[in-house]
Amino acid sequence: MYRNDYSHYNPAYEIIDVKETRPISITQVIGLLSFMFLAMAAGAFLVPPTFFIPAVILEFVLLFVIPLINRRDTVRGNDAAAGLTGALALLFAACSGAALSPLIQGLVATPAGLAVLGQASLVTFVVFAAVGLYGVLTRRNLGVLSKFLSVGLLVLLGVMILSMLFSSFFSPFALLIGLGGAILFSLLTAFDFQRMKHSTADEAVLVTLSIFLDFVNLFTFILDIFLIFGGFGGRRD
């Protein structure tokens, strides 16, 4: 006969420590992204161009350090965005701006260059906002594009390396490279914004960093297109 006998019940074997998974806050991501834009602008306009190489090196190092610090904050139960991880993300954004400072400060020195910079910036923000909103609102699974986007990134990287080594050969294709890069990072922006919806709060900084990198690359390729049409020959010339 069945009895409700709890005399042998040992609670130690029934307690399971399950960490609560918090959904990501889109407001937090947008807020951090906004501050990263400001940090990038500060680096681009205020950091002397002579710091270009140190900024690039530090930017590269931070790409590996930020995920490690984010993991540490996650294990400790800290809010990564409000701690060291968030601060390093802002430093990364400032380095991204400083890496562009020779080009940006050279453009703002002339009225024609300033006009090109303004037009490219406006178009970038419009495209970025449009594809980002599409990524958030669409019901289509953009995850199916992941392999295509990965291959596209590798191909684009290879073409850019070759264009630096054989600039005379690839210079007629500069516009096609710029258009290809702009399209690729527009798709990546939509992809990452959709990925953001399904991420956790512990991944907020890393997701924001991915979206920020999409923006930076989108901006540089769109700027390249405007420089070519403006008679400047592209940023790599």
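The model is predicted: local features need pLDDT of at least 70, side-chain atom pairs count only at pLDDT 80 or more, and totals for chains, interfaces and linings use all residues. Residues are numbered from 1 along each chain as its sequence is written, and side-chain values use heavy atoms, with hydrogens and water left out.

**Overall make-up**

The protein has nine helices and zero strands, in the order α-α-α-α-α-α-α-α-α along the sequence. Helices (H or I, at least four residues) and strands (E, at least two) are DSSP runs, numbered from the N terminus. Of the 237 residues, 38% count as buried; buried means under 20% relative accessible area, exposed over 50%, and partly exposed in between, with a 1.4 Å probe and protein chains only. Contact means heavy atoms within 4.5 Å. Among contacts between residues at least 6 apart in sequence, 81% join residues at least 24 apart.

**Two packed pairs**

Two packed helices are described by the angle between their axes and the distance between the axes. Axes are lines fitted to C-alpha atoms, for helices over the stretch in contact, and angles run from 0 to 180 degrees between N-to-C directions.

| Pair | Angle | Axis distance |
|---|---|---|
| α5 and α8 | roughly 40° | within 7 Å |
| α5 and α9 | about 135° | 9 Å |

Helix α5 covers residues 111-137 and helix α8 covers residues 174-197. Angles under 35 degrees count as roughly parallel, over 145 as roughly antiparallel, 65 to 115 as roughly perpendicular and the rest as oblique. The crossing of α5 and α8 is right-handed; a crossing is left-handed if the near helix is turned anticlockwise from the far one by less than a right angle, and right-handed if clockwise. Residues in this contact include Val127, Phe128 and Val131 of α5 and Ala190, Phe193 and Met196 of α8. By class, the contact of α5 with α8 has eight nonpolar, five polar and one charged residues. Ala, Val, Leu, Ile, Met, Phe, Trp, Tyr, Cys and Pro count as nonpolar, Asp, Glu, Lys and Arg as charged, and the others, Gly among them, as polar.

α5 and α9 are also oblique to each other, and α5 passes α9 in a right-handed crossing. Among the residues in contact are Val116, Leu117 and Ala120 of α5, with Ile211, Phe215 and Leu218 of α9. The contact of α5 with α9 has 15 nonpolar, three polar and no charged residues.

The expected span is 1.5 Å times one less than the number of residues. In α9, 19 of the 26 residues are buried.

Helix α3 (residues 84-99) has 16 residues and reaches 22 Å from its first C-alpha to its last, close to the 22 Å expected. Its buried residues include Leu88, Phe92, Cys95, Ser96 and Ala99. They are covered by elements including α1, α2, α4 and α9.

**Two single residues**

Glu59 lies in helix α2 and counts as buried at 16% relative accessibility. Leaving out residues up to four places away in sequence, Glu59 touches Phe92, Cys95, Ser96 and Ala99.

Ile30 is in helix α1 and counts as partly exposed at 36% relative accessibility. The C-alpha atoms of Ile30 and Ile211 are separated by 9.9 Å, although these residues are 181 apart along the chain.
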